[in-house]
Amino acid sequence: HDQSASGATLFIEPLAIVEWNNKFKELQLAERDEIHRILFALSQRVAENGTVLNTMVEAMADLDLACMCAKYAEDLRASEPELVAFNSRPDKQHPGSTIQLMHARHPLLDPEQVVPIDVVLDEDTYALVITGPNTGGKTVALKTLGLCALMAQSGMLIPAAEGAEVPCFPAVFA
């Protein structure tokens, strides 16, 4: 049937086995062809229903997102904020935004250890000044405010007490 590269070994195949091997090879090829035929038919059915399947996948993704947001809100003990509009003021000194966050917590820190903060910027408050030693509290406060604003603008509940009010900022910088 064949010989090794060195020529020292010869491979033989009895005639009775040749027919069986040929039949085996034919069956392997037939199996491969049948698998291709089945996969092609299934692919055709998927293609025929592509629009419906895409709509289902999008609906499932929306449902998955809603469930994830609900579970995350439950884990954070979050509440629904009110999105408030910017009010332009004739004096032009006030930025037009008001914020009210009571017992707000940084969403990425351990809720059992994080210290909640209150941030109230009403129509009479023109600026917020945060001072203190270099222990990280100022940064956490700013990031808490920024993350709560972004979460609210994304339609998520925020880790703050009921009654939170946050404007839709055109940009948030960190």
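User: What is the volume of the largest pocket?

Analyst: The largest pocket has a volume of about 550 Å³. On a 1 Å grid over the protein atoms alone, a pocket is an open set of points where a 1.4 Å probe fits, with protein on both sides within 12 Å along at least five of seven lines; the volume is the space filled by probe spheres set on the points, which are joined across faces, edges and corners. This is a predicted model, in which local features need pLDDT of at least 70 and side-chain atom pairs pLDDT 80 or more, while totals for chains, interfaces and linings use all residues. Residues are numbered from 1 along each chain, and side-chain values use heavy atoms, without hydrogens or water.

User: Which residues line the largest pocket nearest its centre?

Analyst: A lining residue has an atom within 4 Å of a point. Here there are 24, with L142, L145, G146, F169 and F173 nearest the centre. Helix α3 (a DSSP run of H or I, at least four residues) supplies the largest share, eight residues.

User: How many aromatic pairs are there?

Analyst: Rings of Phe, Tyr and Trp (its six-membered ring) pair if their centres lie within 6.5 Å, and planes under 30 degrees apart count as stacked, over 60 as edge-to-face and the rest as tilted. The count is one: F86 and F169, edge-to-face, with 5.9 Å centre to centre and 75 degrees between the planes. F86 lies in the loop between β3 and β4 and F169 in the segment after β6, so the pair ties together parts 83 residues apart in sequence.

Methods. Helix = DSSP H or I, 4+ residues; strand = E, 2+ residues; numbered from the N terminus.
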